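Visitor: Please give me a close look at one part: the packing of the side chains. Keep it brisk and include the cut-offs.

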Amino acid sequence: MTEQPLEGRTIAVAESRELDVFVAMLERRGARVLRCPLVGIVDAPEPAPVLEWIAWFNSGACDDFIVLTGEGLRRLLSCIERHAPALRSDFLGELARVRKVTRGPKPARALRELGLKPDIAAAEPTTQGIIKALRELDLGGRAAGVQLYGSEPNLPLTGFLEQAGARVRTVAPYVYADAAQDAEVIELIGRIAARAVDAIAFTSRAQVERLLGVAAAAGQTESLKAGLAWICVAAVGPVVGEALRAQGIRVDLMPLESYFLKPLTSRLVEALGKA
């Protein structure tokens, strides 16, 4: 492999918590990177519902805590630190006690930061993966706390839990907020439609939704999808891949097992790099 295998390649990279790290990985390999901050993550606009859920959790009422994202667990803790620091000790105590169910490696990593680990880890980091992991368990009469990603209610998961006899209480500690003006997103769509980029890498479902939403509002859905059909479309993991396929967009590459930025970079080098 050459020292800069992505030299001459232009890769569009969407917003992520580790955007600078991802960009640096690609640029070290010679790529020209177009940053497209499609969405950002912000705290829930009203802390009261989050604090109400935390008080319920701290009361000992929860049996199973389903952690869908590492970001969500960290935002719960930051909400406590900003608004009710006295709740932290009880929260951590309950977090250690309850049965913890994680959707993928990121929530597991957030637990490890607290000296904890999942009791049940979905083999596949998706909602269906969690359902499969819980399907054979007796959930009747148990109280399940579900940390949502963004404000998405995740009806398939909550519906499954309720049908299995569990009492469900959800919390949304953060929301997705637009972090780019429509004009910037439309410019990116134009570049994709003109095949002026070699690849685009998505690291969250919200990025996919934002890009398609702006394209629809601008009447450019067809040109966007036509452009995506000609370039390399990369997804960091199955959740993002599902979001793309649901929109009729082909996913060209995705890490095989470890859904992180370094494996995603390696797959891009394999697909686009110079021998």
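**Cores and rings**

Guide: In the largest nonpolar core, of 48 residues, the members that touch the most others are Leu-26, Ile-200, Leu-211, Leu-244 and Leu-268. (Such a core joins buried Ala, Val, Leu, Ile, Met, Phe, Trp, Tyr and Cys through side-chain atoms within 4.5 Å; buried means under 20% relative accessible area, with a 1.4 Å probe and protein chains only.) This is a predicted model: local features need pLDDT of at least 70, side-chain atom pairs count only at pLDDT 80 or more, and totals for chains, interfaces and linings use all residues. Numbering runs from 1 along each chain as its sequence is written, and side-chain values use heavy atoms, without hydrogens and water.

Take Leu-268. Leaving out residues up to four places away in sequence, Leu-268 touches Leu-6, Phe-22, Leu-26, Ala-199, Ala-234, Leu-253 and Gly-273 (heavy atoms within 4.5 Å).

Now the rings. There are 5 aromatic pairs (ring centres within 6.5 Å; planes under 30 degrees apart are stacked, over 60 edge-to-face, the rest tilted; Trp counts by its six-membered ring). Trp-53 and Phe-65 make a tilted pair, 5.5 Å centre to centre, with 45 degrees between the planes. Trp-53 is in helix H2 and Phe-65 in strand E4, so the pair ties together parts 12 residues apart in sequence. Trp-53 is buried at 1% relative accessible area, Phe-65 at 0%. Phe-57 and Phe-91 are also tilted: centres 5.1 Å apart, planes at 45 degrees. Phe-57 lies in helix H2 and Phe-91 in helix H4, so this pair ties together parts 34 residues apart in sequence. Both Phe-57 and Phe-91 are buried. One aromatic cluster takes in Trp-53, Trp-56, Phe-57, Phe-65 and Phe-91.

Technical notes: Buried means under 20% relative accessible area, exposed over 50%, partly exposed in between (1.4 Å probe, protein chains only). Helices (H or I, at least four residues) and strands (E, at least two) are DSSP runs, numbered from the N terminus.
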